[in-house]
Amino acid sequence: MLRYFEHGHSKCPIEKTMSVIGGKWTFMILRDLFSGPKRFGELQRSLNGISPRTLSMRLKELENEGIILRVIYSEIPPHVEYSLTEKGQTLRPIFEAMKDWGNAWDVLGIREKK
């Protein structure tokens, strides 16, 4: 997903943003984390059809980008929770704008409101 970077930078800030959030699963993972911390299993159930391997890879990419935080709780049984970092929370206006746009337009019929 983050393969467009050449020599550590992007030519376009929109391209960089899309490289971070633009993937189907990545976008949906972030959407779910806006409602609060989630365990791996909760995310997998919510994202019907995602494989454990793909979910792990996307979570690792987001963690490496500083978008999500992975916290391991050493309880019995141990568990891991994922949540948005402060940087991840700054994506909220982008998601809200996309939600507003989708609600305002008939995206399936692509018709303008009158």
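Because the model is predicted, local features were required to have pLDDT of at least 70 and side-chain atom pairs were counted only at pLDDT 80 or more, whereas totals for chains, interfaces and linings use all residues. Residues are numbered from 1 along each chain as its sequence is written, and side-chain values rest on heavy atoms, with hydrogens and water left out.

The protein chain contains 6 helices and 3 strands, where helices (H or I, at least four residues) and strands (E, at least two) are DSSP runs numbered from the N terminus. Along the sequence these elements follow the pattern α-α-β-α-α-β-β-α-α. Of the 114 residues of the protein chain, 30% count as buried, a term that denotes under 20% relative accessible area, with exposed meaning over 50% and partly exposed in between (1.4 Å probe, protein chains only). The accessible surface of the chain amounts to about 8,000 Å², and 57% of it belongs to carbon and sulfur atoms; these areas come from the Shrake-Rupley method with a 1.4 Å probe, and for residues only the protein chains shown count as cover. Among contacts (heavy atoms within 4.5 Å) between residues at least 6 apart in sequence, 41% join residues at least 24 apart.

The 3 strands form an open sheet in the order β1-β3-β2, with antiparallel pairing, two strands being taken as paired if DSSP finds at least two bridges between them. Strands β1 (38-39) and β2 (68-73) stand at the edges with a single partner strand each, so one side of each is left without a neighbour in the sheet. Strand β1 is joined to β3 (residues 79-84) by 2 bridges, and arginine 39 has glutamate 81 in β3 as its bridge partner. Helix α2 packs on this sheet, touching β1, β2 and β3, and its direction makes about 95° with that of β3; axes are lines fitted to C-alpha atoms, for helices over the stretch in contact, and angles run from 0 to 180 degrees between N-to-C directions. Between β2 and β3, which run antiparallel, there are 6 bridges, tyrosine 73 stands opposite histidine 79 in β3, and a hairpin connects the two strands through 5 residues.

Apart from residues up to four places away in sequence, isoleucine 68 touches Leu30, Leu33, Leu59, Leu62, Glu63, Tyr82, Ser83, Leu84 and Thr85.

Polar residues are also found among the buried positions of the helices. Serine 19, located in helix α1 (residues 13-21), is buried with a relative accessible area of 5%, and a polar atom of its side chain lies 2.7 Å from the backbone oxygen of lysine 16. In α1, Ser19, Val20 and Ile21 are buried, and the cover of the buried residues of this helix includes α2 (24-33), α4 (52-64) and α6 (92-104). Arginine 58, placed in helix α4, is likewise buried, with a relative accessible area of 18%; leaving aside neighbours within four places in sequence, arginine 58 is in contact with Trp25, Thr26 and Ile29.

Note on methods:
Polar contact = N/O pair within 3.5 Å; in protein donor to acceptor, adjacent residues only side chain to side chain.
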